[in-house]
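Student: Can we go through this one together? I'd like to start with the overall fold and then move to the charged residues.

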Amino acid sequence: MRNRNISPVFLIIMLVLLAESAIRGMHGSPMDWVIDKLYIIPAIIIGISFHEFGHAIVAYKLGDNTPKFQGRVTMNPAAHIDLVGLLALLLCGFGWGAPVQINPYNFKNRRRDELLVAFAGVIMNLLVAIVFTIIAKILIVCTGSTWLVQDRLGSVLWLVIIYIIQINIVLMIFNLIPCPPLDGFNIIAQIGNFGQSEIYWTLYRYGNLVLIFLIVFNVTHLIITPCVSAIMNLIWGIIL
């Protein structure tokens with residue numbers, strides 16, 4: 001999810017979700033909750049940065065210099081992280097990066113190129129998950145599971161890697177939901193060839209409200225959880 005303008009209603013909903021997350025975290029000690037969040041931070045930063053970099057580099061390669069002029073054709077997290085979006089993702093379970101702005105009039109084939117740019121972010125998240133799955137497999141083969149379980153450094157490293165894999169899979173699935181302003185909506189719009197129609201902009205105008213409704217009433221959870229579980233089970237089969 002990517003958004004710059006945060007409405008009061010949106011902030012209230014974020015606070016409600018934050019309170020719900022804190023209540024769920026009370027099953028353990030507050031320190032355990034904080035430590036767990038610290039383990040997740042690298043995964044979130046990597047996931048958002050590579051997702052937005054994917055949009056930027058593909059748009060640039062397809063002829064749009066806008067991301068280049070705005071300093072977005074880089075893997076540097078400072079170029080892609082939106083602080084509010086980062087905190088929302090860390091504490092509430094959903095968030096966004098600083099949106100990559102494009103000018104579709106610079107594309108040679110607008111419909112095709114907008115589709116490729118929309119796909120680029122989720123594909124980048126998939127690639128990150130694959131790379132870290134390979135790293136996890138190499139660690140298992142080279143060090144054995146004993147070091148990763150019993151050694152303090154090994155267990156921290158292992159947990160961070162698993163979080164990176166899981167968070168990138170979550171970001172991939174979440175962004176494929178066909179609801180504006182997520183990438184899945186733009187993908188469907190370009191495939192269905194209604195990307196410049198009135199209905200597109202009508203749906204986009206109310207997309208944030210629809211997405212908030214889906215999040216608050218756990219519809220996104222019902223979509224994401226089985227998909228992530230299936231992919232993670234496949235990854236565990238590869239790693240172990």
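Tutor: First, a term: a contact means heavy atoms within 4.5 Å. This is a predicted model, where local features need pLDDT of at least 70, side-chain atom pairs count only at pLDDT 80 or more, and totals for chains, interfaces and linings use all residues. Residues are numbered from 1 along each chain as its sequence is written, and side-chain values use heavy atoms, with hydrogens and water left out.

Student: Among contacts between residues at least 6 apart in sequence, what percentage join residues at least 24 apart?

Tutor: Take the contacts in the chain between residues at least 6 apart in sequence. The share of these joining residues at least 24 apart is 72%.

Student: How many helices and strands are there?

Tutor: Helices (H or I, at least four residues) and strands (E, at least two) are DSSP runs, numbered from the N terminus. Along the sequence the pattern reads α-α-α-α-α-α-α-α-α-α. So with those DSSP rules, the count is 10 helices and 0 strands.

Student: Which residue meets Glu114 in a salt bridge?

Tutor: A salt bridge is a side-chain nitrogen of Lys or Arg within 4 Å of a carboxyl oxygen of Asp or Glu. The N to O distance is 2.9 Å, and the partner is Arg110.

Student: Is Asp113 buried or exposed?

Tutor: Buried means under 20% relative accessible area, exposed over 50%, and partly exposed in between (1.4 Å probe, protein chains only). The side chain of Asp113 meets Arg112 in a salt bridge at 2.8 Å, N to O, and Arg112 is partly exposed at 42%. Because its relative accessible area is 0%, Asp113 counts as buried.

Student: Asp64 has no salt bridge, so which is the nearest side chain of opposite charge?

Tutor: Asp64 sits in the loop between helix 2 (30-61) and helix 3 (66-69), and Asp64 is buried. Lys and Arg count as positive and Asp and Glu as negative, with His and the chain ends not counted. At 10 Å away, the nearest opposite charge is on Arg110.

Student: Which residue's backbone nitrogen lies 2.7 Å from a polar atom of the Asp64 side chain?

Tutor: Leaving out residues up to four places away in sequence, Asp64 touches Ala59, Ile102, Asn103, Asn106 and Phe107. The backbone nitrogen at 2.7 Å belongs to Asn103.

Methods: Polar contact = N/O pair within 3.5 Å; in protein donor to acceptor, adjacent residues only side chain to side chain.
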